[in-house]
Amino acid sequence: MSTPAAQPENTMEAIVSLAKRRGFVFQSSEIYGGLNGFFDYGPLGVELKKNIRDCWWNDMVRRRDDVVGIETSIIMHPKVWEASGHVAGFSDPLVDCKVSKNRYRADQLFWSPVVVDGNVVGYVSALESEKTAEELQAAAESLKRKKAIQGTLAPVVAKDFTEASAEQVSLIPSPATGNPDLTPPRSFNMMFQTNVGAMTDASSVAYLRPETAQGMFVDFKNVLDSNRVKLPFGIAQIGKSFRNEITPRNFIFRSREFEQMEMEYFIHEDADWDKCHKEWIEWCRQWLLSIGLPESHLSLYAHPKEKLAFYSRGTVDIMFKYPFGVQELWGIAARGSYDLTQHANASGKPQEVFDEASKNKFVPHVIEPAVGVDRIFLAVLAAGYAEEDVTDEKGNVEKRTVLRLSPRIAPVKVAILPLLKNKELLTNRAKALYTKLKRNYAVQYDDGGAIGKRYRRQDEAGTPWCVTIDFDTIEKPGDTFTLRERDSMKQTRVTETELFALLAEQVY
RNA sequence: GCGGCUGUAGUUUAGUGGUAAAACCUCUGCCUUCCAAGCAGGUGUCGAGGGUUCGAUUCCCUCCAGCCGCACCA
């Protein structure tokens, strides 16, 4: 008997605690006080993470005829990041209000001089919104009234804060306080810098990649010329990326070192990109369902046109309902020919393909599904974590903590348990089965303590099945075991052949 | 990066200006015929550094980390 899956109020706390207790995730460098935004994956965590990667790689690369894989270096030529726009675009100038401690993006903070009869009598400011101009105008009129100035007020001219001179910076009021409390715009670059070679000078500056995607673009021609691929086709990569986030938050959701699984799907410039985009969105959604994320937690968010980067034709995020809110999980972007064109211009090497039909050369367009391994990792923990009230035969109610992970990604597929530790007939049969299974699957052998305790231990690790070798196994004909299923706690008897068949079907 | 709160065992928590405690977990042994049983035993430098004090886990300062809010998230 058990209640339906229930999640506690503070699910994140419970997940972080379980992650540490069972060896999924540890804080990086913990014995030195920890390091903000970095994490280590323990014995169970590394298995789960590897399974997520392997499922993606198998489904995205090996099981498709139109996608190939690559692995590119983490440190690339610095010009890659100039061409991609990251050197400029990753450093948003920010403005602080010294009094209110608010922080604004300089390009989202607007201001205008207040001009009466041709004379500047003050400044007004407003944050970017649909009514920025109206707000500025109203503030200007209010300022004129307050200062009791006679004359004709000129219409305000909204400029953003990057266009303010040093003198104007010292006069423009903060939106928070109404007084000139703002700092000049300051740059924050999110790319980690390092130096290549032992000499440290300006010419040796390099960056840890902030995304894996540029590797696919830079190697586009290499792959095209070496692998008998033709459009449409994709290049996929799994690897670490690094972003110097201002504030890492929410456990492994936003960290400074993270792992991406990205694929660039190159299509003809005349292809129906919208159809292709939609197909990839659905492919990604189905894939998330295939590793056990519940449909109820998934939603789509289309970036509004006016918020898109100028080169983007459309970006749709698959959102996931995390315990701390609905957040981005998988971004599927239609990037046009922007990246290949940028690299062609910056390198002087054309990034074109030849169209046999029209005898013309053209730069392919690209659809990019990009997802974070760590975000999927957190999503499956969050969706799978449950605390149930279990009633035993005597009517006692106890809490059962269970991690409902899909067999595809569960760190341990099967636990092999001899019913009793001190009966050699049982342990010998159990060990034989264990030896046979571990050739193909991640399995655990556990003979410690009472059988119920071992079941619960596996529940917390997310192991979908336990196999118990009991007296029926050795005394009755048929050589059958008890198969105990994690979610229902139901028990059935299976033969070794049936067990292997079950695994072959469920673990792929 | 700012503000508020917090930091005692792997986890969840007691406690004190006089060199720290419980439960659970974990490990070892015994026992155990299906859902965290029992018995015996093992494992702990109060986040780090400095200051005040005869003496600091406790009071003060700095730093680090975590949570919440703001801002940020190409």
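Let's start with valine 114, which sits in strand β6, spanning residues 109–116; strands (E, at least two residues) and helices (H or I, at least four) are DSSP runs, numbered from the N terminus. Valine 114 counts as buried because its relative accessibility is 1%, where buried means under 20% relative accessible area, exposed over 50%, and partly exposed in between (1.4 Å probe, protein chains only). Skip the neighbours within four places in sequence, and valine 114 still touches Asn119, Val120, Val121, Gly122, Tyr123, Val124, Ala140, Leu143 and Leu153; contact here means heavy atoms within 4.5 Å. Glutamine 137 is 23 residues away from valine 114 in sequence, and their C-alpha atoms are 8.9 Å apart in space.

A quick word on the ground rules. This is a predicted model, in which local features need pLDDT of at least 70 and side-chain atom pairs count only at pLDDT 80 or more, while totals for chains, interfaces and linings use all residues. Residues are numbered from 1 along each chain as its sequence is written, chains are lettered from A and ligands numbered from 1 in the order in which they are written, and side-chain values use heavy atoms, with hydrogens and water left out.

Now zoom out. Chain A has 15 helices and 26 strands, and its C-alpha atoms fill a box of roughly 105 × 65 × 50 Å along the principal axes. Its domain assignment (bounds from an automatic or database source) gives domain 1 as 42–72 + 210–381, domain 2 as 91–188 and domain 3 as 412–506. The C-alpha centres of domain 1 and domain 3 are 39 Å apart.

What about the inside? Of the 508 residues in chain A, 47% are buried. The largest nonpolar core has 58 residues, and Trp56, Trp287 and Ile376 have the most contacts inside it; such a core is a set of buried Ala, Val, Leu, Ile, Met, Phe, Trp, Tyr and Cys residues joined through side-chain atoms within 4.5 Å. Helix α11 (residues 373–384) supplies the largest share of this core, eight residues. Beyond its neighbours within four places in sequence, isoleucine 376 is in contact with Ile52, Met261, Trp287, Leu288, Ile291, Leu329 and Val371. Another core lies apart from that one, with 18 residues, among them Val414, Leu426, Tyr441 and Leu503.
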